[in-house]
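This report describes a protein chain for a reader who is new to structural work. Please keep the sequence and the three-dimensional view at hand while reading.

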Amino acid sequence: MKIRMFAALALALVLPAALRAQGEVKPAAPAVEPVGKYAVSVVVQGQPADFDVVIEKKEDGSFGGTISNPNYGTSVITSLKVEERQVTMVLATPQGVSANIEFTLAEDNTVDGSWSMEGDGGKVTGKKIP
């Protein structure tokens, strides 16, 4: 009888804590702040190219900006989404086609990802400029 009572008491003390721990949801990692200037490197049609990226926050809370290179012109960021450290953007290029860029912004502000557009694509590397 004493063993049953001790077991019931122990269960009554441990069970609520176990249930609370099981129901806890860890908060998602906060999304990075993409606003700023970046220097990124890519390979376009087999040739290395450096681009300047400027990401701005619009009045409505969405993001916009540009990506530019003297040889390829300036593309406008038409869409930009951030999930945790992943940044995904769609560009309207001067050539009239869409391009996509996806990268991870590491804690040290380095950029690593990929880009694609009709007929080309590759790796994106770079850094957010403080």
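In this predicted model, the largest pocket holds about 340 Å³ of space. Its lining consists of 18 residues, and those nearest the centre are V44, F51, T93, W115 and M117.

Attention now turns to the aromatic side chains. How many aromatic pairs does a search of the whole structure find? The search finds two, and the table sets them out.

| Aromatic pair | Type | Centre to centre | Angle between the planes |
|---|---|---|---|
| Y38 and F103 | tilted | 5.8 Å | 55° |
| F51 and Y72 | stacked | 5.8 Å | 25° |

The pair of Y38 and F103 is tilted, with an angle of 55° between the planes. This pair links distant parts of the chain: Y38 belongs to strand β1, residues 36–44, whereas F103 belongs to strand β6, residues 98–105, and 65 residues separate the two. Are these residues buried or exposed? Both Y38 and F103 are buried.

The pair of F51 and Y72 is stacked; planes under 30 degrees apart count as stacked, and here the angle is 25°. F51 is located in strand β2 (residues 47–57), while Y72 is located in the loop between β3 (63–69) and β4 (73–83), so the pair ties together parts that lie 21 residues apart in sequence. F51 has a relative accessibility of 12%. Buried means under 20%, and F51 therefore counts as buried. Y72, with 26% relative accessibility, counts as partly exposed. F51 is also one of the residues that lie nearest the centre of the largest pocket.

Some totals complete the description. The protein has 130 residues, of which 24% count as buried. Among contacts with a separation of 6 or more, 25% are between residues 24 or more positions apart. The accessible surface of the protein is about 9,000 Å², and carbon and sulfur atoms account for 58% of that surface.

Technical notes
Residues are numbered from 1 along each chain as its sequence is written. This is a predicted model: local features need pLDDT of at least 70, side-chain atom pairs count only at pLDDT 80 or more; totals for chains, interfaces and linings use all residues. Side-chain values use heavy atoms; hydrogens and water are left out. Rings of Phe, Tyr and Trp (its six-membered ring) pair if their centres lie within 6.5 Å; planes under 30 degrees apart count as stacked, over 60 as edge-to-face and the rest as tilted. Helices (H or I, at least four residues) and strands (E, at least two) are DSSP runs, numbered from the N terminus. Buried means under 20% relative accessible area, exposed over 50%, partly exposed in between (1.4 Å probe, protein chains only). On a 1 Å grid over the protein atoms alone, a cavity is a set of points where a 1.4 Å probe fits but cannot get out, and a pocket is an open set with protein on both sides within 12 Å along at least five of seven lines; lining residues have an atom within 4 Å of a point. Grid points are joined across faces, edges and corners, and a volume is the space filled by probe spheres set on the points. Contact means heavy atoms within 4.5 Å. Accessible areas come from the Shrake-Rupley method with a 1.4 Å probe; for residues, only the protein chains shown count as cover.
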